Amino acid sequence: MPLPASIAADRDWWRHAVVYQIYPRSFADSNGDGVGDINGIRSRLPYLAGLGIDAIWINPWYPSPMKDAGYDVSDYRAIEPVFGTMADAEALIAEAHAAGIRVILDIVPNHTSDQHRWFQAALAAGPGSPERDRFIFAEGRGPAGDEPPNDWMSEFGGPAWTRVIEADGRPGQWYLRLFAPEQPDVNWNHPDIHAEFEQTLRFWFDRGVDGFRIDVAHGLVKDADLRNLDGLPFPLPDDAPDGLEHPHWDQPGVHDVFREWRAVADSYAEPKAFCGEIWVGRDHRLTAYLRPDELHTAFNFNFLQARWRAGDLRRVISATLSAHATVGAPATWVLGNHDVCRPASRYARPQELVEPNFPNLQKYLGLPSDLPTGHRRARAAALLSLALPGGAYVYAGEELGLPEVEDIPMAARQDPIVSGTGGENIGRDGCRVPLPWTSGGASFGFSPEGSVAPWLPQPSDWGRYSAEAAEADPASTLALYRRALALRSQLPALGEGDLAWVGDAGGEVLAFTREPGFGCWVNLGTEPVPLPEGTSVLLASDDLVGGRLAPDSAAWLQFA
Ligand code: GLC
């Protein structure tokens, strides 16, 4: 079905889109099994259209044994029955388009599920077989081969290798899996892998999907000799010499894959776009993925990891914009996702105690938390990110001001990081708790009444964050997001373009203007600050104090 004319005309949609991330397990459950599903998403399309977002990104919805919540894919061209059917998926795509919302799927090319037909064939076929060559099998070290082939570590804890039992019943080769044991890494030096993923892209593009978020995009290609890390950190330090490469992240060969993928996207008449999940630290290594013949966009994780401090944010924003300008790609502004502690809870911590690196809940647990401050800062951060040049991401629940759920009982936690680290890392479940839609009810409107309990327990006070409660409160975070998104679509200054920093706005104030006639002022200090003369306030994240901008708040201004 063609796109409706209202959105079809916007061919550069990905340069300025606000993309709403839906974690399907946690969004809305239509059939009462305690797990969100596609028909749940369909039922909430009016809410999403009312919010004013341009696109939805849906985390993996493919058949999966769910060892990593769907990032262990056993069939890339079908729908996981827990989430629904192919007919449901097609209906969602059509209905989203009719509501003016584009649809982005999540593709997982670094690894499959161990239940994928190719990995099962590799296990059965034995060492040296062409089937094993589609993955990364190697002999172990040591006389009995019982030590992993090299010193690479899993992101989920422990060595990155798992040993298999061969057909003769004896321990045999090892396979690489940078994540869970059930997520074997595929071999991108194999032509079958290229062909398979190209077919998958086309399968979904042919069904009207508008783009893909690419999981672990910087990880696909591995050093051919499986060189040891020997203590090499990642991301590489800012002053890493040219030519120093990490053996399994951000290898130069990954760029060839994305050139092929770009050609696939560009072969469609309608504008398809990619967004890479690329944790590489240094800006020039990120924007290398955004050269005109590679990916369209990438998540800006340096922004997500920045502390709530004027200097830190300004440095990150400036570095982002100048690096993206070198390749002509739009920046993205990201505050959260399904892997990191929710922004309200991150910003609730004393920022001087926070390291600006991977923001998993684990690193915040021991730090004091002032949630009201965190909420104020998250609202201000929302106005900041929606005012910056480029596109933006909103993770479901951010518009409700959801905090991280920090006290999920250990036994209820599902994230494989918990088991992978023997419980030392409590994982990412706290940002994945099913959404509250209503103030009351057994699951706060997540599932129909009388359903089984949600797959992760919701806190007893979850209803105060619900969409229903927010609807009734003109000062709610939901109301703030709606007004901001409505203004964003009306004001020509917002979306893609430039900004000019205002140098003299005061100490802990981040201020910039955009043409025509727009200003964004953010107060990160502890005292109210004056707003510039001759401006009127379009929107503020908090009440002004005697005409001044309150601490931890932001305002959008109209210059006369
Ligand atoms: C990405 C996903 C994360 C997943 C991992 C392995 O980082 O965002 O949720 O666990 O890849 O696929």
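This is a predicted model: local features need pLDDT of at least 70, side-chain atom pairs count only at pLDDT 80 or more; totals for chains, interfaces and linings use all residues.
1. Ligand shell. The ligand is surrounded by 14 residues. The closest are Asp 68, Asp 215, Glu 277, His 338 and Asp 339. Sorted by class, the shell holds 7 charged, 4 nonpolar and 3 polar residues.

2. Polar distances at the ligand. In the side chain of Asp 339, which is among the closest residues, an N or O atom is 2.5 Å from a ligand oxygen atom. For His 111, a polar side-chain atom lies 2.9 Å from an oxygen atom of the ligand. Arg 428 has a side-chain N or O atom 3.0 Å from an oxygen atom of the ligand. The protein buries 96% of the 310 Å² that the ligand exposes when taken alone.

3. Helices α7 and α8. Helix α7 covers residues 191-206 and helix α8 covers residues 254-266. Their axes come within 10 Å and cross at roughly 30 degrees. Angles under 35 degrees count as roughly parallel, so α7 is roughly parallel to α8. The crossing of this pair is right-handed.

4. Helices α13 and α16. The second pair consists of α13, residues 371-387, and α16, residues 477-490. The two helices pack at an angle of about 10 degrees, and their axes are 11 Å apart. With the cut-off for roughly parallel at under 35 degrees, that angle makes α13 roughly parallel to α16. The crossing of α13 and α16 is right-handed.

5. Cis bond at Pro 235. The peptide bond running from Phe 234 to Pro 235 is cis, and its omega is near -5 degrees. Pro 235 sits in the loop between β7 (211-214) and α8. Helix α8 is also a member of the α7 and α8 pair in point 3. As background for this point and the next two, most peptide bonds are trans, and most residues other than glycine have a negative phi.

6. Cis bond at Pro 516. Glu 515 and Pro 516 are joined by a cis peptide bond with omega about 0 degrees. The loop that contains Pro 516 runs between β13 (509-514) and β14 (518-523).

7. Phi of Met 66. Met 66 is not a glycine, yet its phi is positive, at about 60 degrees. Where is Met 66 in the chain? Met 66 lies in the loop between β2 (55-58) and α5 (86-98).

Methods. Residues are numbered from 1 along each chain as its sequence is written. Side-chain values use heavy atoms; hydrogens and water are left out. A residue is near a molecule or strand if one of its heavy atoms lies within 4 Å of it. A polar contact is a pair of N or O atoms within 3.5 Å; within protein, one must be able to donate a hydrogen and the other to accept it, and residues adjacent in sequence count only if both atoms are side-chain atoms. Accessible areas come from the Shrake-Rupley method with a 1.4 Å probe; for residues, only the protein chains shown count as cover. Ala, Val, Leu, Ile, Met, Phe, Trp, Tyr, Cys and Pro count as nonpolar, Asp, Glu, Lys and Arg as charged, and the others, Gly among them, as polar. Axes are lines fitted to C-alpha atoms, for helices over the stretch in contact, and angles run from 0 to 180 degrees between N-to-C directions. Helices (H or I, at least four residues) and strands (E, at least two) are DSSP runs, numbered from the N terminus. Angles under 35 degrees count as roughly parallel, over 145 as roughly antiparallel, 65 to 115 as roughly perpendicular and the rest as oblique. A crossing is left-handed if the near helix is turned anticlockwise from the far one by less than a right angle, and right-handed if clockwise.
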